[in-house]
There are 2 protein chains.
Amino acid sequence: MTGSTAAERPRQRGPRGGDADTRGDILAAAAEAFATQGYGAASLRGIARQAGVDPALVRHYFGSKSELFVEAMRPLRADDAAVTALLATPAEQRGEAFIRLALSLWDDPVIGARLRAILASIAAVDDVGAAFAQVMMRDVLLRMVRPDHAEDRAAACATQIAGLAMGRYVLRVPSLADAPVERLAAIYGPTFQRYLDGDLDLSD
Amino acid sequence: MTGSTAAERPRQRGPRGGDADTRGDILAAAAEAFATQGYGAASLRGIARQAGVDPALVRHYFGSKSELFVEAMRPLRADDAAVTALLATPAEQRGEAFIRLALSLWDDPVIGARLRAILASIAAVDDVGAAFAQVMMRDVLLRMVRPDHAEDRAAACATQIAGLAMGRYVLRVPSLADAPVERLAAIYGPTFQRYLDGDLDLSD
């Protein structure tokens with residue numbers, strides 16, 4: 001499992017400062033390619049061509065294909081305003097705030113369309129799914145949870161949100177796909193609240 | 001979505017009575033083929049050959065490929081002793097009984113090995129995942145839940161158990177994959193208990 005994404009590692013050389021647009025262009029081309037072609041069929045070369053850059057630059061910024069996948073497809077980044085707002089929410093209200101944020105993100109058609117590509121890639125390629133889970137836990141969930149049993153708490157949140165995303169947006173189970181946000185917040189909010197900040201009744 | 005599996009529908013003709021072994025042989029060959037080759041690559045013809053029967057007999061018993069997949073890969077059937085025991089458990093203890101049963105099933109290497117094939121097929125083929133979820137809800141979850149908001153309850157259980165299975169057995173997130181059953185029962189038991197039998201705070 002990767003300890004940090006390539007995009008965050010310091011690099012010894014290469015463009016710095018004016019590279020935000022280039023990184024953004026590569027990420028946009030990658031998200032499009034992964035969502036439409038799938039992880040296996042998308043190539044770093046094709047993504048580079050679409051972004052109008054040299055393939056070496058893609059590797060320079062993002063490292064491996066699986067690292068680029070995680071960076072391009074993740075629905076939240078550590079410095080997103082939504083994450084900052086979530087961390088500013090009082091601990092006793094974060095469960096419902098978290099489910100509301102997740103649903104509002106996925107109801108965005110672009111982000112929602114990525115879910116199937118993510119699920120398919122996770123199923124097809126071992127380390128992509130593990131890397132994806134690890135980055136989302138590190139950047140969002142582990143920062144939200146009570147310090148005791150933090151890994152158990154973050155993992156529990158990840159399992160519940162991943163299962164809900166699969167049921168509502170991929171399999172489209174009727175009682176999930178058709179439910180208004182209020183209904184899902186009432187059902188799932190208390191679960192996240194307990195995982196984030198409640199008593200887990202663990203002996204150690 | 002299928003209303004009932006082909007295997008349960010009455011058929012107008014064909015062998016009856018002595019056909020339990022044939023059905024079992026077909027299911028065993030199908031489970032092996034789907035788990036090793038994946039849903040897309042496995043063929044009804046190849047499964048029939050492996051089971052030593054005519055391909056027409058596979059269709060006769062199980063209908064479509066996706067119906068055969070669900071029958072062959074499902075971890076529980078409505079008349080399994082484990083389901084009967086679960087239904088005999090007092091409602092206020094079913095949450096923990098359910099998580100313990102699920103973990104004990106998946107810790108079986110054969111059943112555990114099917115999980116990745118199921119996940120990959122769900123990701124690749126729309127109706128397989130929906131049919132799988134629908135059968136497991138009908139045969140197990142909808143029979144376990146409190147009657148009010150039964151669909152919401154069964155779906156909530158399905159999302160949590162699917163996410164936990166993915167994290168523990170497929171992605172192998174360390175805090176899930178390495179956790180003893182007791183620890184997961186303490187964390188997830190109360191969630192299932194509330195989904196199965198608790199107050200969901202829904203207004204309708």
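Guide: UniProt positions are given in the numbering used here, with feature names shortened, and annotations may be inferred rather than shown by experiment. The unreviewed UniProt entry annotates residues 43-62 of chain A as "DNA-binding region". This is a predicted model, in which local features need pLDDT of at least 70, side-chain atom pairs count only at pLDDT 80 or more, and totals for chains, interfaces and linings use all residues. Residues are numbered from 1 along each chain as its sequence is written, and side-chain values use heavy atoms, with hydrogens and water left out.

Visitor: Why is the pair R183(B) and D152(A) called a salt bridge?

Guide: The term requires a side-chain nitrogen of Lys or Arg within 4 Å of a carboxyl oxygen of Asp or Glu. The N to O distance between the side chains of R183(B) and D152(A) is 2.8 Å, so the pair is a salt bridge. The count between chain B and chain A is 2 salt bridges.

Visitor: What makes residues of chain B and chain A count as in contact?

Guide: Contact means heavy atoms within 4.5 Å. By that rule, 39 residues of chain B are in contact with 39 residues of chain A.

Visitor: How do you know what area is buried between chain B and chain A?

Guide: Buried area is the accessible area (1.4 Å probe) that two parts lose on being put together, summed over both. For chain B and chain A this area is about 3300 Å², and carbon and sulfur atoms give 59% of it.

Note on methods
Chains lettered and ligands numbered in written order.
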